[in-house]
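Subject: Handover of a structure, with findings

Dear colleague,

Please find the structure for your review below. My notes on what was found in it follow directly after.

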Amino acid sequence: MNVLAEIVAGVREDLEERMGQVSLDDLKELAARMPDARDGVAALRGDSVKVICEVKRSSPAKGMLAAIADPAALAAQYAAGGAAAISVLTEQRRFNGSLADLAAVRTAVDTPLLRKDFIVTAYQLWEARAHGADLALLIVASLDQPELAALVEQAQAIGLTPLVEVHDQQEAARAVDAGAQVIGVNARNLKTLHVDRDTFAKVAPSIPDHIVKVAASAVRGPQDLIAYADHGADAVLVGEALVTGPDPRTAVADLVAAGIRPSVHHSQD
């Protein structure tokens with residue numbers, strides 16, 4: 001069994017448990033009470049390269065990264081540093097996250113929030129909205145094409161912007177076909193956990209210009225952001241480097257500053 005399949009199997013078990021506790025109707029009611037979702041596409045598009053900062057305690061590849069006793073306080077640091085969006089891991093087994101983290105972060109910041117999880121059902125999209133998310137991660141490798149297209153459509157229908165994650169050109173083509181407006185290219189292969197820093201450069205040219213392109217994984221600092229920008233990234237997603245560093249606010253501000261350097265402006269503009 002590959003790592004992604006193992007994670008998704010666990011996610012489905014945990015999902016069954018939550019579905020037994022909170023009905024879909026109750027979730028929809030909670031979601032209806034939330035303010036309208038922020039526009040994820042608008043948040044990640046612009047002249048500068050946007051920075052998505054991640055609240056992430058651990059990962060299957062690296063194990064424990066940071067305790068993060070107060071995710072809201074960390075998110076406030078990210079927002080103060082100029083984060084365009086904040087990604088909150090809600091998967092509990094491998095990433096030590098929860099929907100409570102998402103709700104806590106929502107109370108602390110006005111920044112658009114991404115629910116980062118392994119979403120396989122519409123129920124999880126309603127969970128995301130009910131806990132304050134504006135964007136939701138959909139991973140092409142964990143969904144067949146009809147599932148992917150349906151979840152993209154359902155996310156958009158309830159006000160969420162789907163961030164559709166791909167790892168190669170075939171997956172990118174599937175994401176485009178499914179109607180994705182934001183595509184994240186992950187340098188980490190979720191099946192093997194191997195990182196290839198050239199993944200974005202290989203995949204990005206196959207993604208149409210009207211789609212927001214996000215480079216995910218392997219951003220250690222401003223130099224990596226600039227390298228991704230040179231290959232056409234509209235945004236980068238940064239997790240490990242921020243949660244393991246001493247000063248998240250300054251680290252984010254440095255990335256944001258790198259994103260507005262003249263070298264970053266896309267040659268095709």
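In these notes, a residue is called buried when its relative accessible area is under 20%, exposed when that area is over 50%, and partly exposed in between. Please bear in mind that this is a predicted model.

**Leucine 148**

Leucine 148 is part of helix H7, which covers residues 145-157. With a relative accessible area of 0%, leucine 148 is under the 20% limit and is therefore buried. Leaving aside residues up to four places away in sequence, leucine 148 touches Leu138, Val140, Leu143, Val164, Arg174, Ala175 and Ala178. Valine 120 is 28 residues apart from leucine 148 in sequence, and their C-alpha atoms are 8.6 Å apart in space.

**Salt bridges**

Side chains of opposite charge can pair when their charged atoms come close. The structure holds 17 salt bridges, and several of them are described here.

Arginine 38 takes part in a salt bridge with aspartate 110, at 4.0 Å from N to O. Aspartate 110 sits in the loop between helix H5 (99-108) and strand S5 (113-116), while arginine 38 sits in the loop between helix H2 (24-33) and helix H3 (40-44), so this pair ties together parts that are 72 residues apart in sequence.

A salt bridge also joins the side chains of arginine 38 and aspartate 134, at 3.3 Å from N to O. This pair, too, links distant parts of the chain: aspartate 134 belongs to the loop between helix H6 (122-130) and strand S6 (135-139), and the two residues are 96 residues apart.

Arginine 38, with a relative accessible area of 25%, is partly exposed. Aspartate 134 is buried, with a relative accessible area of 0%.

A further salt bridge is formed by arginine 57 and aspartate 101, whose closest N and O atoms are 2.6 Å apart. Arginine 57 lies in the loop between strand S1 (50-55) and strand S2 (58-59), and aspartate 101 lies in helix H5, so the pair ties together parts that are 44 residues apart in sequence. Both arginine 57 and aspartate 101 are buried. Elsewhere, salt bridges with shared partners connect Arg18, Arg115, Asp117 and Glu127 in one network.

**Cavities**

How many cavities of 30 Å³ or more does the structure hold? There are two.

By class, the lining of the largest cavity has one nonpolar, two polar and five charged residues.

The lining of the second largest cavity comprises five nonpolar residues, one polar residue and two charged residues.

Not counting residues up to four places away in sequence, lysine 116 touches Glu54, Ser87, Val88, Leu89, Thr90, Glu91, Leu137, Glu165 and Leu237.

Lysine 116 also belongs to the lining of the largest pocket, which has a volume of about 490 Å³. Which residues lie nearest the centre of this pocket? Of the 33 residues that line the pocket, Glu54, Lys56, Lys116, Arg188 and Ser217 lie nearest its centre. At least two lining residues each are supplied by H1, S6, strand S10 (235-238) and helix H11 (240-243), and H1 gives the most, with three residues. The lining of the largest pocket divides into 19 nonpolar, four polar and ten charged residues.

With kind regards

Definitions and conventions:
Residues numbered from 1 in each chain as written. Predicted model: local features only at pLDDT ≥ 70, side-chain atom pairs only at ≥ 80, totals over all residues. Heavy atoms only, no water. Helix = DSSP H or I, 4+ residues; strand = E, 2+ residues; numbered from the N terminus. Buried < 20%, exposed > 50% of the residue type's maximum accessible area, 1.4 Å probe, protein only. 1 Å grid on protein atoms, 1.4 Å probe; cavity = no way out; pocket = protein on both sides within 12 Å on 5 of 7 lines; lining within 4 Å. Points joined across faces, edges and corners; volume = space filled by probe spheres on them. Nonpolar A, V, L, I, M, F, W, Y, C, P; charged D, E, K, R; others polar. Contact = heavy atoms within 4.5 Å.
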